[in-house]
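Please open the structure in a viewer and keep the sequence alongside.

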Amino acid sequence: MKKRLKSIMLFIYILIVTNLYSESKPTIYVYKSEKILKVLQDGKTILQIPISLGFEPKGQKLEEGDGKTPEGIYTIDYRINEWEYYKALHISYPNRNQVEAAKKLNKNPGSGILIHGMKYYWNWFGHLHSYLNWTHGCIAVNNEEMDMLFKIIPNGSKIIIEP
């Protein structure tokens, strides 16, 4: 009887642990042409917010200072809890191919691409900021939306940035 009870308890424990760790990480989709960021988990949109992009948003980022937001598949590799632009999630740009392509052009591909909030004194703009593309290549949201992203996006989450 004790052996059977232990087996049942072990089985229940394995089910619980497996369920806790099997939930998929959310994926961020950025649609540059629509200026929308969506967070999907298990195929369902759990968050959709308007964004601002780099000041020259059309096309792929080729070099530092071009004002373009990169396109491709990346990872959120770390977070910045306190920053000039409130908080930020770092995007793993550039990838190896982008570094090599920039080298062939004798260019620096740039770095430091983030999803970030607003400076405190700009946050009162709310979604109005999304009518302009004002970053140097980053993706900007307001501070309340940045708080939501911080809660639901763990490090290691995929981000797909589409034209």
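Over the face of which ring does Lys87 lie? Select Lys87 and Phe150: the lysine lies over the face of Phe150, 5.1 Å from the ring centre. A charge sits over a ring if NZ of Lys or CZ of Arg is within 6 Å of the ring centre and within 35 degrees of the ring normal. The model is predicted, so local features need pLDDT of at least 70 and side-chain atom pairs pLDDT 80 or more, while totals for chains, interfaces and linings use all residues. Residues are numbered from 1 along each chain as its sequence is written, and side-chain values use heavy atoms, leaving out hydrogens and water.

Next, select Lys119, which lies over the face of Trp122 at 5.7 Å from the ring centre. Trp122 also belongs to a cluster that ring pairs form with Trp83, Tyr85, Tyr121 and Trp134.

The structure holds eight aromatic pairs. Rings of Phe, Tyr and Trp (its six-membered ring) pair if their centres lie within 6.5 Å; planes under 30 degrees apart count as stacked, over 60 as edge-to-face and the rest as tilted. Now select Tyr86 and Tyr120: their ring centres are 5.6 Å apart and their planes stand at 90 degrees, so this pair is edge-to-face. The pair links distant parts of the chain, with Tyr86 in strand E5 (residues 86-91) and Tyr120 in the loop between E6 and E7, 34 residues apart. Strands are DSSP runs of at least two residues, numbered from the N terminus.

Methods: Helices (H or I, at least four residues) and strands (E, at least two) are DSSP runs, numbered from the N terminus.
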